[in-house]
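Visitor: I am new to this structure and would like to be guided through it with a few questions.

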Amino acid sequence: MQDKKLVFISRIPMRWGDMDAMGHINNTVYFRFLEQARIEWYGYLGRANLAGMETVVVHAHCTFMLPLTYPGTVEVRTFAGSPGRSSFEITQEIRRTDDPEKLVAQGGARVVWVDRKTGKSAPLPDQVRAIFASDSTYTFGMD
């Protein structure tokens, strides 16, 4: 993605049960980290207040650079690209909070805004478009 902007930072604790037989966090959990951060960002956007609207992931990807081991907390940085009529692309970076300079994994998704009644794509709401234009970044899990 060429034009991207940091819109959300989420901190998620690793769980002991996230490890696999090899002693590191299983690769499927990385997708859960990406999903959790995406859902938290949606909450920040106020998606619950947009009755009848939903988002659908049409493509998801992840590239694994370094293994994660329990215990620890990951930081997922979510970047949004320029929105289209009804979709947007996000990229995400996973890093350990105790070693934030090392990129552990990079992933993302193409997301389409959908009208729940028709099941068809719908234009992005103005309040969502405003987030792409805003200069703010929200950090979730920092109390």
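Visitor: Which elements do the buried residues of α2 pack against?
Guide: This is a predicted model, in which local features need pLDDT of at least 70 and side-chain atom pairs count only at pLDDT 80 or more, while totals for chains, interfaces and linings use all residues. Residues are numbered from 1 along each chain as its sequence is written, and side-chain values use heavy atoms, with hydrogens and water left out. In α2, the residues Val128, Ile131 and Phe132 are buried (under 20% relative accessible area, with exposed over 50% and partly exposed in between, for a 1.4 Å probe and protein chains only). Packing against these buried residues are β1 (4-13), α1, β3 (73-81), β4 (87-96) and β5 (105-115).

Visitor: At what angle do helix α1 and helix α2 pack?
Guide: Helix α1 spans residues 27-45 and helix α2 residues 126-133, with their axes 10 Å apart (helices, H or I, have at least four residues and strands, E, at least two, as DSSP runs numbered from the N terminus). Axes are lines fitted to C-alpha atoms, for helices over the stretch in contact, and angles run from 0 to 180 degrees between N-to-C directions. The packing angle is about 110 degrees.

Visitor: Which residue forms a salt bridge with glutamate 75?
Guide: A salt bridge is a side-chain nitrogen of Lys or Arg within 4 Å of a carboxyl oxygen of Asp or Glu. For glutamate 75, the closest N and O atoms of the pair are 2.3 Å apart, and the partner is arginine 11.

Key:
Contact = heavy atoms within 4.5 Å.
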